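Open the model in your viewer and keep the selection tool at hand. The stops below follow one another, and each names what to select.

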Amino acid sequence: MDRAQCIQNRKALTPLQRRQKEEAIVTQLLPFLKGNIGLYVPIQGEVDVFTPLLSYPNLYLPKVTGPESMNFCRYQGELEEGAYHVKEPAGQACRPKDLDVIIVPMTGFCGFHRKGYGKGYYDRFLKQTKALKIGVAFDCQEMIFKKEEHDVDMDVLITETQCRRK
């Protein structure tokens, strides 16, 4: 299975299936949330943990800052269209060391290895932080692949049926 198939699998979930699976993921995620949280605005059928966590006080969202870089900026209730037509915050950027937890979207996963969209933005950012890295995905996104040298593993993997910690 490749990235495209994983994206198709998650998009094929019915609204009821999606809601039930996302609720199960958020329930398992809540105990890990503390301090400054890096989050994401879901695209292409990614697990939506953004909407249920909107009331959390210290949210930071990714913002592409260059052709190979991104940072996390404080979410203050407003989003604007950014790179790749992804909604981004207009708030103040933080330093990688300021984040305590980063919730990371995945197109696919194999153990604690994650596949993104292939541009490396998250991998480059995650190498700069000591934050707890939590990958969230649906079970249907599990795939088999070899980790590449630049890939950064997750510390925790959460799906609707499992919560694995390294």
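## Stop 1: a buried charged pair

Select R18. R18 counts as buried because its relative accessibility is 18%, and the cut-off for buried is under 20%. Keep in mind that this is a predicted model.

R18 and E22 form a salt bridge, and their closest N and O atoms are 3.1 Å apart. Both residues belong to helix α2, where they are four residues apart, or about one helical turn. An α-helix has 3.6 residues a turn, so residues three or four places apart point the same way.

## Stop 2: the helix around the pair

Select residues 15–29, which make up α2. The helix has 15 residues, and from its first C-alpha to its last it reaches 21 Å, close to the 21 Å expected at 1.5 Å a residue.

Which residues of α2 are buried? They are R18, E22, I25, V26 and L29. Turn the view until you look down the axis of α2: the buried residues fall within an arc of 95 degrees, so they line one face of the helix.

Next, show what lies over these buried residues. The cover includes helix α1 (3–11) and the strands β6 (101–105), β9 (132–136) and β10 (156–158).

## Stop 3: a buried charge without a salt bridge

Select D48, in the loop between β1 (37–38) and β2 (59–66). How far is D48 from the nearest side chain of opposite charge? That side chain is R18, and it is 7.4 Å away. D48 is buried but has no salt bridge; the rule for a salt bridge asks for a nitrogen and a carboxyl oxygen within 4 Å. Leaving aside residues up to four places away in sequence, D48 touches E22 and P42. E22 is the residue from Stop 1 that forms a salt bridge with R18.

## Stop 4: the sheet

Switch to a cartoon view and find the open sheet of seven strands. Its order is β3-β2-β1-β6-β9-β10-β11, and the pairing is mixed. At the edges stand β3 (69–74) and β11 (163–165); each has a single partner strand, so one side of each is left without a neighbour in the sheet. Strands of a sheet pair through backbone hydrogen bonds, either parallel or antiparallel.

Select I37. I37 stands opposite L59 in β2 and opposite V101 in β6. β1 runs parallel to β2, joined by two bridges, and β1 also runs parallel to β6, again with two bridges.

## Stop 5: two covered strands

Select β6. Five of its five residues are buried, so β6 is largely enclosed by the rest of the structure. Which residues lie on each side of β6? V101, I103 and P105 are on one side, I102 and V104 are on the other, and both faces are covered.

Move on to β9, which pairs with β6 in the parallel sense over five bridges. To see this pairing, select I103 and I134, which stand opposite each other. P105 has V136 in β9 as its bridge partner.

β9 is mostly covered, with five of its five residues buried. L132, I134 and V136 are on one side and K133 and G135 on the other. On to β10: β9 and β10 are parallel, with three bridges, and V136 stands opposite I158.

## Stop 6: other salt bridges

The model has seven salt bridges by the rule used here. Select D98 and R95, which form one with closest N and O atoms 3.0 Å apart. D98 is partly exposed, at a relative accessible area of 24%, and R95 is partly exposed at 49% relative accessibility.

Then select K115 and E148, whose salt bridge has closest N and O atoms 3.5 Å apart. This pair links distant parts of the chain: K115 is in strand β8 (residues 113–115), E148 is in the loop between β9 and β10, and they are 33 residues apart. Are the two residues buried or partly exposed? K115 counts as buried at 11% relative accessibility, whereas E148 is partly exposed with a relative accessible area of 38%.

Salt bridges that share partners join K147, D153 and K166 into one network.

Methods. Residues are numbered from 1 along each chain as its sequence is written. This is a predicted model: local features need pLDDT of at least 70, side-chain atom pairs count only at pLDDT 80 or more; totals for chains, interfaces and linings use all residues. Side-chain values use heavy atoms; hydrogens and water are left out. Buried means under 20% relative accessible area, exposed over 50%, partly exposed in between (1.4 Å probe, protein chains only). Lys and Arg count as positive and Asp and Glu as negative; His and the chain ends are not counted. Contact means heavy atoms within 4.5 Å. The expected span of a helix is 1.5 Å times one less than its number of residues. The arc is that of the directions from the helix axis to the C-beta atoms. Two strands pair if DSSP finds at least two bridges between them.
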